[in-house]
Amino acid sequence: MTSSRRRRRRRGPLVLGLVVVLAVAGWLVLRPSGDAPVRERCEATLDGTSWYLSPAQAENAALIAGVSVRRSLPARAATIALATALQESRLINIDYGDRDSLGLFQQRPSQGWGTPEQVLDPLYATDRFYDALVGVPGYQDLDVTVAAQAVQRSGFPGAYAQHETRSRAWASGLTGHSPAVVSCELDPAHGSRTAEEAGAALRERAQRDLGLGADAVVVASAVDGTATVTVDAAALPTGDPVRAAWAVAQWAVATAAATDAVEVRSADMRWTRDGGVRAGRGEAPAWTPGGEPLDAGLVTVRVAVAG
C-alpha cells in the first residue's frame with residue numbers, strides 16, 4: 001500500500017512537467033504569428049474608448065450609416081438607426097424573430113413594413129426605417145430611446161438607450177464626422193477574384209450602401225496581387241468633399257472583410273490590414289501617414305486579387 005502510494009506520488013512531477021510542456025506547445029501553436037489577429041473584430045473610437053463589432057456587424061453598420069449619408073440625413077439619424085438595429089437583431093440580418101419579425105430592424109410584414117423578402121433586404125429595411133424616422137417630429141432632438149420607440153413600438157422601449165454611445169461612435173466615423181476612428185483586425189486577405197471582379201464587387205457595394213454611381217468607382221491598376229480602386233467620394237451629397245472622403249474611407253475599412261481590402265487611403269492618411277492588427281495589439285495607431293495627400297474627395301482602396 002505504502003509502496004503503491006509512493007509510486008503514484010512520483011508520477012506527480014512527471015505529469016506536471018507534461019502539462020507544462022503541452023501548455024507551452026499549445027501557446028506556441030495558438031498565439032498569433034506575423035500579422036494574424038487573435039480574433040477578427042472592428043472598432044470605432046470615441047473619446048478614447050473603443051467600441052467593437054464583429055466584421056459582419058460592421059458591414060451592416062456601414063450600410064446603415066451609408067444610407068443616411070446617401071439620403072443627406074444627420075449623423076443623429078444613423079446613431080438612432082444603429083442603436084435600434086443593435087437592440088433588435090444585434091446588427092445581424094436574421095431571418096427569425098418574435099412572431100413575424102424579420103431582419104436588421106425586426107420589422108413585421110403583418111404590420112405593413114413590407115413582404116418577408118423585402119424586410120430581409122438590408123437596404124430596403126434601412127430605407128423603411130429612415131422613412132419612418134424622418135416622420136417623427138423633432139427626432140434629432142429626442143433621446144435615442146424615444147426616437148427609436150416612436151418608430152418601433154417595442155415592448156421594451158427603454159432598451160435602446162444602452163446602445164447609444166457605441167452607436168454614436170460608429171455613426172460619427174462612418175458618416176465622416178470623425179476621421180480615422182474606424183479600424184478592423186482581420187485575417188490576411190487571400191483574393192479569389194480577378195481585378196475586374198474585385199473592382200466590380202466593390203463598385204456594387206458602394207452603389208448599394210452609398211448610392212455612388214458606377215463612374216465614381218474605377219479600377220486604376222492591378223499590380224503584385226492587388227488592384228487599386230479609386231473612389232470619387234465628392235459625389236456624395238455632403239457638401240464637404242473632405243468629410244465625404246472620410247465617410248467612404250471608413251466605410252471601406254468596415255467592409256474590408258467582404259471586399260478583401262488591404263489598404264485604404266484618404267487625405268494624407270492610410271489604414272492597412274496589417275496595421276489594423278498591430279493597432280489592435282496596441283503596437284501602433286490604426287491610421288498612419290500615407291505619403292502624398294490625395295485630392296479632396298478622393299479615396300483609394302487596394303483589394304487583394306487572384307494571382
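How many bridges join β4 to strand β5?

1. Six bridges join β4 to β5 (residues 226-232), and the two strands run antiparallel; strands here are DSSP E runs of at least two residues, helices are H or I runs of at least four, and both are numbered from the N terminus. Two strands count as paired if DSSP finds at least two bridges between them. Within this pair, V217 has V231 of β5 as its bridge partner.

2. The model is predicted, with local features needing pLDDT of at least 70 and side-chain atom pairs counted only at pLDDT 80 or more, while totals for chains, interfaces and linings use all residues. Residues are numbered from 1 along each chain as its sequence is written, and side-chain values use heavy atoms, leaving out hydrogens and water.

3. The open sheet holds six strands in the order β4-β5-β9-β6-β7-β8, with antiparallel pairing. Its edge strands, each pairing on one side only, are β4 (217-223) and β8 (287-289).

4. Helix α8 (residues 195-210) lies across β4, β5 and β9 (298-304), running at about 150° to β4; axes are lines fitted to C-alpha atoms, for helices over the stretch in contact, and angles run from 0 to 180 degrees between N-to-C directions.

5. The largest nonpolar core has 79 residues, and I64, Y130, L133, W170, V264 and V303 have the most contacts inside it. Such a core is a set of buried (under 20% relative accessible area, 1.4 Å probe, protein chains only) Ala, Val, Leu, Ile, Met, Phe, Trp, Tyr and Cys residues joined through side-chain atoms within 4.5 Å. Helix α9 (residues 241-254) gives the largest share, nine residues.

Notes
Contact means heavy atoms within 4.5 Å. Buried means under 20% relative accessible area, exposed over 50%, partly exposed in between (1.4 Å probe, protein chains only).
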